[in-house]
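Here's a quick walk through one model, written for someone who already has it open. Grab the viewer and follow along.

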Amino acid sequence: MAPWLTVVGIGEDGFSGLGRQARRALLAATRIVGSPRQLALLPRCIGGARVHWPSPFSLSPVLALRGEPVCVLASGDPMFYGVGASLARQVPSNEMQVLSMPSSCALAAARLGWPLQDVQVVSLVARPLAALNAHLYSGLRLLVLSNDEHSPAAIAALLRERGFGPSRLQVFEHLGGPEERQLCGSANDWAHRNIAALNLVAIDCQATPDALRMPRVAGLPDSAFQHDGQLTKRDIRAITLARLAPQPGELLWDVGAGCGSIGIEWMRAHPSCRTLAIEADEGRQGFIEHNRDALGVPGLQLVRGKAPQALQDLEQPDAIFIGGGVTRDGVLALCWERLRPGGRLVANAVTLQSEVMLAQFQQHHGGELTRIHIAHAQPLGAFDTWRQALPITLLEVVKPADA
């Protein structure tokens with residue numbers, strides 16, 4: 001089938017900035033779908049009916065026109081955080097063509113002289129501001145797609161709160177058009193108002209000496225989490241995550257999540273990793289909600305309930321960590337049943353009773369049992385000695401592909 005849908009990237013310079021192929025597609029279209037701002041960029045000679053996106057947003061109006069010559073307008077590059085990517089998931093590639101313009105990020109990088117391959121891009125469009133927390137590292141350059149005109153001030157406030165007040169901010173409005181404007185300042189003294197709703201924020205991240213350092217590898221400091229003592233400690237957490245071995249796009253069940261430390265660090269391993277954190281205690285649920293935002297993974301989903309009942313209707317996971325509830329009837333069995341073939345199950349035990357459960361499970365299903373001893377040097381009078389933490393028994397087992 002010949003392409004009936006053309007997704008046209010359009011810049012702030014409007015119709016005059018489009019190439020010949022894009023102009024021809026717009027002239028031939030019977031319907032053109034876009035936002036009011038984008039549709040207003042078209043001249044009167046474009047005769048196709050102009051259709052606004054519905055609110056709440058839906059692709060249904062476009063998909064219902066299959067077979068009719070239709071154009072969809074998108075800002076800049078439709079496949080870069082744009083509607084083109086959403087349409088490509090539902091429209092076969094041979095039925096759709098995409099005509100791109102430079103993205104706002106490409107234009108901003110050109111203005112700044114920043115090599116685009118060395119820049120981290122973060123979208124806050126319809127996403128929580130807390131998503132920015134996972135990307136704050138001194139010396140890193142960020143290009144942030146703002147949600148609205150309030151985003152730059154909110155970003156500056158977040159940077160100050162996180163110890164990145166010296167960071168330099170540059171806000172770009174209407175990139176590539178006659179009304180293009182650039183606003184500059186540091187997060188500490190940001191005072192600009194009356195910013196256009198469509199803007200991009202460039203951040204040259206600079207931390208204060210006392211800013212909390214967040215390593216990219218597993219094993220964040222225990223002080224990074226709010227908790228009531230139900231926390232997988234730093235060294236054990238690093239070992240546990242190494243055994244869970246997160247891969248891009250995978251889903252983890254964090255069963256008996258406590259303050260959420262394992263699930264949070266799983267998601268920090270890659271932007272596409274996902275976590276369902278199962279926790280029954282209301283106080284700890286509050287810790288999970290705070291920690292996931294503070295550590296930049298607001299997409300972590302909290303499941304309020306007790307295993308195994310709370311596990312029944314959840315999406316099938318690629319990996320499971322059981323940090324609490326090993327001795328509860330049915331938890332291990334249900335987790336093993338729901339785990340994808342080839343998936344990893346890791347469980348930690350502290351008590352003798354939970355250790356027996358893991359040993360029995362290992363006899364039936366295989367895997368590896370590891371005893372972990374951690375000791376820390378602590379004062380003893382005028383000297384120091386080793387203080388042994390409670391030993392941890394760790395079970396790691398991979399579900400056979402034919403199970």
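What follows covers the ground rules, the annotated domain, a sheet, the cores, a helix and the cysteines.

## Ground rules

This is a predicted model, so to speak of local features pLDDT has to be at least 70, and side-chain atom pairs count only at pLDDT 80 or more, while totals for chains, interfaces and linings use all residues. Residues are numbered from 1 along each chain as its sequence is written, and side-chain values use heavy atoms, with hydrogens and water left out.

## The annotated domain

UniProt, in an unreviewed entry, puts the feature "domain: Tetrapyrrole methylase" at residues 5-183. Its positions use the numbering given here, feature names are shortened, and annotations may be inferred rather than shown by experiment. Over residues 5-183 the chain is 24% helix and 23% strand, with the end C-alpha atoms 38 Å apart. Helices (H or I, at least four residues) and strands (E, at least two) are DSSP runs, numbered from the N terminus.

Strand 6 and strand 7 (residues 141-145) run parallel and are joined by four bridges, and Val122 sits opposite Val144 in strand 7.

In the loop between strand 6 and strand 7 you'll find Asn133, which is buried at 9% relative accessibility. Buried means under 20% relative accessible area, exposed over 50%, and partly exposed in between (1.4 Å probe, protein chains only). Not counting residues up to four places away in sequence, Asn133 touches Leu158, Arg162, Asp293, Ala294, Leu295 and Gly296, where contact means heavy atoms within 4.5 Å.

## Nonpolar cores

A nonpolar core is a set of buried Ala, Val, Leu, Ile, Met, Phe, Trp, Tyr and Cys residues joined through side-chain atoms within 4.5 Å. The largest has 30 residues, and Phe225, Leu244, Leu252, Trp266 and Leu295 have the most contacts inside it. Two or more residues each come from helix 7 (234-244), helix 8 (261-268), strand 14 and strand 19, with helix 8 giving the largest share, four residues. Another core, of 26 residues, lies apart from it and includes Val303, Ala310, Val331 and Leu395.

## Helix 10

Six of the eight residues of helix 10 (residues 331-338) are buried, so this helix is largely enclosed by the rest of the structure. The buried ones are Val331, Leu332, Leu334, Cys335, Trp336 and Arg338. Their cover includes strand 11 (251-255), strand 14 (319-322), strand 15 (344-349), helix 11 (352-365) and strand 19 (392-398).

## Cysteines

Cys184 is partly exposed, with a relative accessible area of 33%, whereas Cys259 is buried at 1% relative accessibility.

How values were computed
Two strands pair if DSSP finds at least two bridges between them.
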